[in-house]
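Let us take a friendly walk through a protein model. Have a look at the structure below, and then read on.

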Amino acid sequence: MSTALRDVTSHDITSFLAAHELPEPAGAPRRSPAGLVGNTPVLWIGEPFNPAGRGFWAKLEGANPGGIKDRPALHMVAAARERGGLRPGAPIVESTSGTLGLGLALAGITYGHPVTLVTDPGMEPLMVHQLRALGAHVDVVTEPRPVGGWQEARRERVRELLARTPSAWCPDQYNNPDNVAAYASLALELIVQLGRIDVLVAAVGTGGHSAGIARTLRGFTPELRLVGVDSVNSTVFGQPAGPRLMRGLGSSIHPGNVDHAAFDEVHWVAPGEAVWACRRLARGHGPVGGGWSVGAVALVANWLARTEPERTRIAAIFPDGVHRYWNTVYSDRFCRAHDLVRGHPAAEPDEIAHPGERTVERWTRCTDVTVPEGAAR
């Protein structure tokens, strides 16, 4: 066990670890592809992305076979099978923008279930091909809904497919508490790897990993600060819905798994700002970054590293890797077409007193995090 755990010896670590099964050591032989999930590395992100002497720790979930959502996909499927809600060999049907789809395809291979994934035209061709290669059926909706956009159109299609196939099961990642519970292992890995964590920076979409990781970490460090990172035009924290170019964070609906009370502050980030951070991260630290969520999280973590007291220990969750984004974030043609290459973003976030003050269009911070109207309380 890491000597870094000296920072949290006031908590009953032994009994807590006994109640949560960690994956086998990373180098152990595996008998199933599911065994490759977990024990992802942590990397110090210092210079040149951050100023000299400053930085943050990045949890590289792109080291999983499909990304961070391998964890909840496997956990939700296993839990549903154990409870009897998912029968052996029964179909799995779910809405996805991509990463959960990879996890569910892996779960289908692991447990022997056919998988149908409902997505929209924004899914990258590489992702579509990869999902099909893994044996999943990809169903693409063609029109967004007036309220809820593409996300609601996907969920409506899922309901149609479930009505046609009574034996099918839907994980409902937006509201399934097993989505949140799946991230206890990730939090425990962080404790073993880093010990004390003062600030956790996490992107927010379904709300699963921000809620699950923070809940477990606060069992060791109750004073942990949770910083949420959202997309402009997302409804998660009370901004109005609008067209969103970035995938993997933000939402056009109100996911029930978002634990609004857990957040100390939220930052909204625009696509061009996320692209800038992704590319700067790649140039300075190699292929350890990722896509929209990684760029947005890195932008905010960089600001915290510059402005927090010197010994503040910041952990940032990087949900995936770079390969999916070759024709978006890392494509000059795509970025020029969407006016995403505007040079260096602002050095500081804009500030609003509360989420309803005005509609934000660039990187903006708010420390008044409340449950938005229409969200579950």
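## A tour of the model

Glu-310 is exposed, with a relative accessible area of 61%; exposed means over 50% relative accessible area, buried under 20% and partly exposed in between, using a 1.4 Å probe and protein chains only. Glu-310 lies in the loop between H10 and S9. Its C-alpha atom is 9.4 Å from that of Gly-55, although Glu-310 and Gly-55 are 255 residues apart along the chain.

Before going further, note that this is a predicted model, in which local features need pLDDT of at least 70 and side-chain atom pairs count only at pLDDT 80 or more, while totals for chains, interfaces and linings use all residues. Residues are numbered from 1 along each chain as its sequence is written, and side-chain values use heavy atoms, leaving out hydrogens and water.

Helices (H or I, at least four residues) and strands (E, at least two) are DSSP runs, numbered from the N terminus.

Now compare Ser-252, which sits in the loop between S7 and strand S8 (265-269). Is Ser-252 buried or exposed? Ser-252 is buried, with a relative accessible area of 17%. The side chains of Ser-252 and Arg-244 are joined by a polar contact of 3.1 Å. A polar contact is a pair of N or O atoms within 3.5 Å; within protein, one must be able to donate a hydrogen and the other to accept it, and residues adjacent in sequence count only if both atoms are side-chain atoms.

| Residue | Relative accessible area | Class |
|---|---|---|
| Glu-310 | 61% | exposed |
| Ser-252 | 17% | buried |

Next comes the interior. In soluble globular proteins, nonpolar side chains tend to be buried together. A nonpolar core is a set of buried Ala, Val, Leu, Ile, Met, Phe, Trp, Tyr and Cys residues joined through side-chain atoms within 4.5 Å. Here the largest such core has 40 residues, and Phe-56, Val-201, Trp-292 and Phe-318 have the most contacts inside it. Among the elements that each supply at least two residues of this core are strand S2 (56-60), helix H10 (292-307) and strand S9 (314-318). The largest share, 11 residues, comes from H10. A second, separate core of 33 residues includes Ile-68, Leu-186, Val-266 and Ala-315.

Leaving aside neighbours within four places in sequence, the contacts of Phe-56 (heavy atoms within 4.5 Å) include Leu-43, Ala-298, Ile-314 and Phe-318.
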